[in-house]
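These are my notes from going through the model chain by chain.

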Amino acid sequence: MTLLDERKTAEEEAVSPKLERRARRRESWRGFFHAAPAYVYLTFFFVLPLLIIFVFSFASRSNTGKPLLENWNLDSWTRLVDPLVRTIAVRSLTMAIANTVLCLIIAYPFAYWIATRAKQRTRTLLLIAVLIPFWSNFLVRTYAWRMLLDSDGYITQFGELTGLWGRMLFTQPAVFIGLVYGYLPFMVLPLYAALERMDWGLVEAGRDLYASGSKAFRKITLPLSKPGIIAGSILVFIPSLGAYVTPDILGGAKTNLLGNLIVTQFQAARNWPFGSALSGAILIVMLVATMIYFRTGGRTI
Amino acid sequence: MKRIRLTREDRVKGETTMKRIFALLAVMALMVAACGTDATPETTEATGGTETTAATETTEAPAEGIQAAANACAEGATDGTLNLYNWTDYIPTGPLAEDFEVDDLLLKFEEEHGETVTLTFFNSNEDMLAQIDAGASYDVVVPSDYMVVTMIDADLLVELNRAAIPNLDANIAPLFSDPGYDPGNRFSAPYQWGTTGIGFSYEAIDDTEGVSWGVLFDPEMAAPNAGFISLLDDTRETLGSALKYLGYSLNTLNTDEVDEAADLIASTNEWIAAFNSSSYWTLLSSGEFNVSQGWNGDFLAEYDRISEYDDEGNLTYDAYEDFGYAIPIEGSAAWVDTMAIPTTAEHPCTAQTFINFMLEAENGATLTNFNYYASPNEAAEEFIYEDILEWEAVYPPPETMAILEFFLDLGDMNNYYADAFTRAKG
Amino acid sequence: MTTLHQGAATRPRLDRSLTIWGWLVFAFLYLPILIVVVFSFSGSESVGRWGGFSLRWYEQMFANEQLMNALENSIVVALISTAVATVLGTAAALSLDRYRRWIGRGAFDGLLYLPVIIPDVTMAVMLLLWFTSTDVVELGRGSITLAHIAFNISFVAIVVRARLAHMDPLMEDAAADLYANRWQAFRRVTLPLIMPGVLGGALLALTLSLDDVVITSFVQGPGSTTLPVYVFGLIRRTVTPVINAVSTLMIAVSMVLVLASLTFQNRTGRRTESKERNQ
């Protein structure tokens with residue numbers, strides 16, 4: 001891109017200032033034009049709905065849950081520091097972090113394998129193979145896991161035979177199995193992309209300089225694959241934070257997570273303003289986190 | 001070289017811009033087409049016109065408009081397809097009706113009145129309320145008794161036009177013709193009624209006599225079945241059973257009592273496997289649960305389903321030897337589900353005709369023969385299977401009726417209960 | 001793009017471990033799928049016990065009108081939302097990558113990320129509130145499609161941008177030098193080069209749309225139930241193997257689609273690859 005910039009500035013210098021200004025304006029207009037449809041669409045179907053949520057978070061609660069657009073207050077927002085909310089938030093956070101770490105540990109060697117050991121042609125096929133399970137239905141997959149993990153399930157039977165584990169359904173491990181299963185591809189793909197793009201010649205150079213295998217990995221490969229690690233972590237962490245269907249089905253709906261809490265506010269708990277405040281708060285936190293990430297020099301995915 | 005490039009660009013600029021604009025317009029047209037044609041479900045035939053006009057009407061003066069329309073309906077009149085919002089599998093249709101060998105009621109309605117029925121499911125009153133409150137349009141919904149009160153208060157229901165629903169006065173049993181939750185059945189028509197209790201495997205509990213809520217709430221009584229127990233995932237039901245166990249009314253307005261119940265539920269975390277309102281009966285019959293809080297009809301229908309018959313129709317496996325249902329000695333809830341017309345409805349005439357249809361003796365009986373809940377329809381008793389009528393689990397004897405409580409609306413305490421349940425689970 | 005060749009040759013143990021790990025992960029990924037596919041052909045009703053080969057679930061599936069309706073809804077919504085989102089997302093990616101200075105660019109950049117970081121539930125709820133407050137469109141297939149487009153634009157844009165970053169912009173310049181106008185340059189040069197990215201984004205969008213449960217269940221309307229939502233309701237009573245038949249069918253169709261797009265890509269890819277190499 002820098003070469004092009006250089007050429008452009010060279011251009012601009014050679015041409016008269018009026019044409020230069022016109023070119024720049026046209027440039028600017030073209031850029032806007034390309035973005036316009038998406039811009040308009042997202043404004044209508046994202047920004048405005050988001051504003052509604054924010055407005056609702058200051059409204060008061062009616063008997064049916066729907067917000068009364070009067071008596072504006074900060075009740076919903078002050079409720080965010082309730083001990084219950086804090087417990088649930090911490091729980092969700094821990095689960096999301098654990099899930100991300102697990103996915104990373106499982107996905108890294110796997111992505112490494114595909115990027116380095118597989119032949120060029122097979123790589124794409126392998127990646128597609130990773131995605132194929134996702135074209136079935138998310139719920140069917142989750143219920144299939146429920147079946148595998150219940151008292152008669154194959155995994156339970158295997159565990160009982162080898163004496164390693166008993167029925168895992170409706171316990172925390174089952175929830176993690178379901179979550180990792182659901183988000184693994186989001187970690188694999190960015191990791192693969194980063195590893196594949198890497199200049200492996202650098203690793204060879206390191207080996208030439210008598211670095212051991214693990215040292216070369218630690219000092220060269222790992223740091224170079226960092227963008228992939230970070231991208232994958234974001235793609236897994238964020239949805240994990242709001243996940244609640246998998247914990248419900250595989251965990252027995254026994255623990256409330258942020259996702260449950262929000263949905264409940266709009267249904268059983270009949271408290272839309274609070275649900276809106278919760279959603280808004282989570283969004284703000286995520287926004288801030290993402291901005292910090294970008295400010296500290298993170299690259300786009 | 002650069003100069004030539006600029007002037008060429010100037011000339012073709014207009015052309016390319018036009019091309020691009022057309023491309024974008026094509027895409028947007030595609031989008032609009034998708035929206036337009038798909039707002040009407042394709043099961044409808046010639047109701048396209050009605051749909052679009054109704055849509056614009058409902059934005060103006062919803063309540064008055066729809067109420068006037070409902071009042072103007074004649075008996076048996078229809079004004080478009082019926083959008084039915086019902087509990088999962090609460091009405092026999094499709095393969096389910098075949099399984100249980102009863103009439104497909106939706107098909108029957110279509111044959112008799114010429115309008116198709118689109119069925120959407122919900123799993124809890126609050127889910128349904130949230131959708132209706134948000135403006136989702138359905139013609140008939142099936143709220144439970146206490147929810148009817150909430151919806152009436154929130155002006156979400158249309159008052160029924162008696163002239164269009166003669167069966168409402170003619171067929172309903174006296175017990176249900178002037179209920180506390182909707183005096184005179186002005187806004188709702190009784191659909192089915194049932195009880196909440198404990199379904200269990202005989203391996204876990206010996207007998208249907210003398211069962212206590214303690215098997216769910218008391219650490220000692222629950223211990224033998226720990227990890228195989230389930231509670232309903234329902235604010236009123238779950239809190240209600242805890243309240244009954246503690247000796248309180250399940251309609252109590254006393255915050256201390258509610259808190260106590262919530263704490264009790266929270267303490268069960270050690271031994272319960274799951275909160276489940278939607279598949280507990282299959283999990284019970286498959287052995288994942290041994291003891292479940294649930295509704296009588298769900299259990300009984302499941303036991304019947306897993307019983308096996310040979311080719312001549314003789315019983316080869318009787319599930320009732322392995323499973324049972326009991327109403328705990330501390331008392332429990334009896335509830336009534338009703339049919340009502342929300343103000344977001346677009347086809348009030350069809351809706352009222354449907355309600356009248358469901359209140360016919362034969363159809364009411366089909367419901368009971370299908371879902372094993374008791375019918376509030378007196379005239380239907382003629383067509384209900386003998387063994388169901390005599391079944392204590394479906395039609396409880398007077399001494400059991402005495403310990404059953406119907407849910408009442410809690411007014412301002414509704415939110416308190418809701419929050420308490422969130423605390424209890426969380 | 002060099003691959004680790006020399007290094008790999010001298011580390012057989014690492015090779016083996018990696019391969020074993022790879023196969024283990026694939027086993028993990030496919031275990032439930034295998035169950036689903038295998039038992040879709042089982043005659044017995046209880047899943048978990050093989051009941052002889054039988055196609056009865058497939059028969060039941062095609063006979064179940066509600067199910068077929070839901071499947072159709074899913075496919076239609078997925079195809080339309082993917083098509084629109086791909087176009088809008090690609091244009092958005094181009095606008096950010098190719099043009100560095102225009103009004104509102106920074107805000108747009110940020111805006112594109114929001115649908116990715118927002119929790120499912122929040123988006124579901126706010127769209128429900130939006131659709132019912134504004135009567136833009138009735139709750140139904142249209143509202144679901146609009147919702148899916150909303151979150152898919154961002155995903156497509158991200159994927160395409162990643163691909164664009166690799167593309168040498170001098171190619172477009174070269175085309176312009178050869179008297180191609182902007183549209184020609186785009187169609188003949190840029191588009192084929194970013195096609196893997198566009199297809200990748202489209203594939204991602206398709207997957208996300210077909211799989212969506214939460215958002216769809218909130219903004220659906222009567223009769224517009226999509227497959228995931230229908231399955232949610234259906235799968236709760238008996239774990240009926242008909243669902244397995246449906247899933248198997250969906251996987252099979254997706255595989256065919258992907259293989260088709262791959263072969264199509266391979267042909268164009270090979271042509272552009274050789275073009276790149278000859279530069």
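**Entry 1: domains of chain B.** I looked up how far apart the two domains lie and found 26 Å between the centres of domain 1 of chain B and domain 2 of chain B, taken over C-alpha atoms. The assignment puts 59-193 + 336-389 in domain 1 and 195-335 + 395-425 in domain 2; such bounds come from an automatic or database domain assignment. I then counted the contact, which takes 18 residues from domain 1 of chain B and 16 residues from domain 2 of chain B. Two residues are in contact here if their C-beta atoms, placed from the backbone, lie within 7 Å. On the domain 1 side, helix H7 (145-153) and strand S11 (332-340) of chain B each give two or more residues. H7(B) has the largest share of that side, four residues. Helices (H or I, at least four residues) and strands (E, at least two) are DSSP runs, numbered from the N terminus. By class, I noted nine nonpolar, seven polar and two charged residues on this side of domain 1 of chain B. Ala, Val, Leu, Ile, Met, Phe, Trp, Tyr, Cys and Pro count as nonpolar, Asp, Glu, Lys and Arg as charged, and the others, Gly among them, as polar.

**Entry 2: ground rules.** I am working from a predicted model, in which local features need pLDDT of at least 70, side-chain atom pairs count only at pLDDT 80 or more, and totals for chains, interfaces and linings use all residues. Residues are numbered from 1 along each chain as its sequence is written, while chains are lettered from A and ligands numbered from 1 in the order in which they are written.

**Entry 3: confidence in chain B.** I checked pLDDT, the predictor's confidence in each residue, from 0 to 100. Chain B has a mean of 80, and 85% of its residues reach 70 or more. Confidence in the chain is lowest in helix H2 (residues 48-59) of chain B, at a mean of 32, and highest in strand S3 (residues 140-141) of chain B, at 96. Over residues 1-62 of chain B pLDDT stays under 50, and the model has 53 contacts beyond four places in sequence for this stretch. Where pLDDT is low, the predicted coordinates should not be read in detail.

**Entry 4: chain B overall.** I listed 19 helices and 12 strands in chain B. Of its 426 residues, 51% are buried. Buried means that 20 or more other C-beta atoms lie within 10 Å of the residue's own, exposed means 12 or fewer, and partly exposed is in between, with C-beta atoms placed from the backbone. Among contacts in chain B with a separation of 6 or more, 74% are between residues 24 or more positions apart.

**Entry 5: S11(B).** I found S11(B) mostly covered, with nine of its nine residues buried. Strand S4 (188-201) of chain B runs antiparallel to S11(B) and is joined to it by seven bridges. Ala189(B) stands opposite Met339(B) in S11(B). S11(B) also pairs with strand S12 (residues 404-406) of chain B, in the parallel sense over three bridges. There, Ala334(B) stands opposite Phe406(B) in S12(B). Two strands pair if DSSP finds at least two bridges between them.

**Entry 6: H16(B).** Why is helix H16 (residues 361-371) of chain B largely enclosed by the rest of the structure? Eight of its 11 residues are buried, including Leu367(B) and Phe370(B). I traced what the buried residues of H16(B) pack against: the partners include S4(B), helix H5 (105-113) and helix H14 (296-306) of chain B. Just after H16(B), Tyr372(B) takes a positive phi of about 60 degrees.

**Entry 7: chain A and its partners.** I noted domain 1 (2-56) and domain 2 (75-295) in chain A, with 35 Å between their centres over C-alpha atoms. Against chain C, 74 residues of chain A are in contact with 80 residues. H2(A) gives the most to the chain A side, 19 residues. That side has 52 nonpolar, 15 polar and seven charged residues. Against chain B, the contact takes 28 residues from chain A and 31 residues from chain B.
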